[in-house]
Amino acid sequence: MTSTDQVGSQQSVVNSYNGWDPLEEVIVGNAYGAAKAGYEPAFNPYVRDPSVRTRDGYPRDEKDIEAAQAQLDNFANFLQGRGITVHRPTRTEYFVPVKTPDFEVKGQNASACPRDVLMVVGDQIIEATMGQRVRFFEYLAYRELVKDYFNRGARWVAAPKPSMSDAMYTKDYSTVETPFDADSHPALTDFEPCFDAASFCRIGKDIFYQPDIVTNDFGARWLARQLGPEYRVHRARFKDPHPQHIDATMVPLRPGLVMMNPERPAVDDTPQLFKDNGWEVVDAVPSVTDTIPRPDEVSNWISMNMFNLDEQTIVCEEREEPMIKLLETLGFTVIPLPFRDVYSFGGSFHCCTLDVRRRGGLQSYFPELDA
């Protein structure tokens, strides 16, 4: 038997089909080296002040980085204390220009949110294209980890890297007068496939995505073809003036229970699809952060950005008391941890993790679709 055959015969170290099977291994992000990103076309949906269009990137304040990193480390240590294997991305300095033959941007981002960059489906780890130029090279912070997973038996594929030329972005895009609409007023063209991994939601054989300001239908078609006929990829649309990622809009909590954002109602039959298949649909409660105040980098629905350890246990930011109480009424054991200082780096517990291995297999949770 060759060494290649031996590797292929091992059980994969990557195994995750949903967000609630018992967690065994995870990547937790870092705030080290973070910078504020320079302006680029992907930010147009958020622009209200034209002066923002001339902004260059700049380093994040070291005190802010230290505060966020302390909470990320505390979270990682908590998971390790429960016997969960935790990995971290490579420390990277992000206050450097991003330059390709098609564009140049001064200042990048951070490696705080592995959920955006990587997607795990079964034993396969997929590198997303990313929709923002400033995140073009962010995958490199995870490359050593991904190589190790591959060498130990996982499948690894990188989506075709888009040029991110001007042709990928709708020219002179604005939502000031016309709100975002994936069909009639999209921020991205279908010039090339484009997606962030966090725009997708895995529920066993069914994967839902929201076309948004960083993910187009071309990218979803690429992913569907890559995954093959074993999976069903569903397009879900919600009323949102500038949607980016789905994990503060629609969050499956366990088999048969999904939480949806009441401020972003569906404009298609997605909620009915869940109901027709026996799922309970509950309304989320907003974050308390508007009184803190809330950083611009997250919405007032960051309260939904939680992380399951299993079907009964969820980690939630400690100040999100209304969400904690709601989860407890739904039968969950809630573990409150401090994470408020991480919010300004792009997300909360769900954004800042990638569940690499969960104990469980591929199932269908939509029996009506199997008939």
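**Entry 1**

I looked up the bridge partner of I27 and found H87 in β4. The model is predicted, with pLDDT of at least 70 required for local features and 80 or more for side-chain atom pairs, while totals for chains, interfaces and linings use all residues. Residues are numbered from 1 along each chain as its sequence is written, and side-chain values use heavy atoms, without hydrogens and water.

I noted that β1 (residues 23–28) pairs with β4 in the parallel sense over 3 bridges; pairing requires at least two bridges found by DSSP. Strands (E, at least two residues) and helices (H or I, at least four) are DSSP runs, numbered from the N terminus.

I then traced the order of this open sheet of 3 strands, β4-β1-β19, with mixed pairing. Since β4 (85–87) and β19 (353–358) each have a single partner strand, one side of each has no neighbour in the sheet. I read an average twist of 20° from one strand to the next; axes are lines fitted to C-alpha atoms, for helices over the stretch in contact, and angles between N-to-C directions run from 0 to 180 degrees.

Helix α2 (residues 62–81) packs on this sheet, touching β1, β4 and β19, at about 165° to β1. Contact means heavy atoms within 4.5 Å. I also recorded helix α4 (residues 143–151), which lies across β1, β4 and β19 at about 150° to β1.

**Entry 2: strand β8 and its sheet**

I found a second open sheet of 3 strands, ordered β7-β8-β9, with mixed pairing. Its edge strands are β7 (118–121) and β9 (155–158). Strand β8 (residues 124–127) pairs with β9 in the parallel sense over 4 bridges, and I126 stands opposite V157 in β9.
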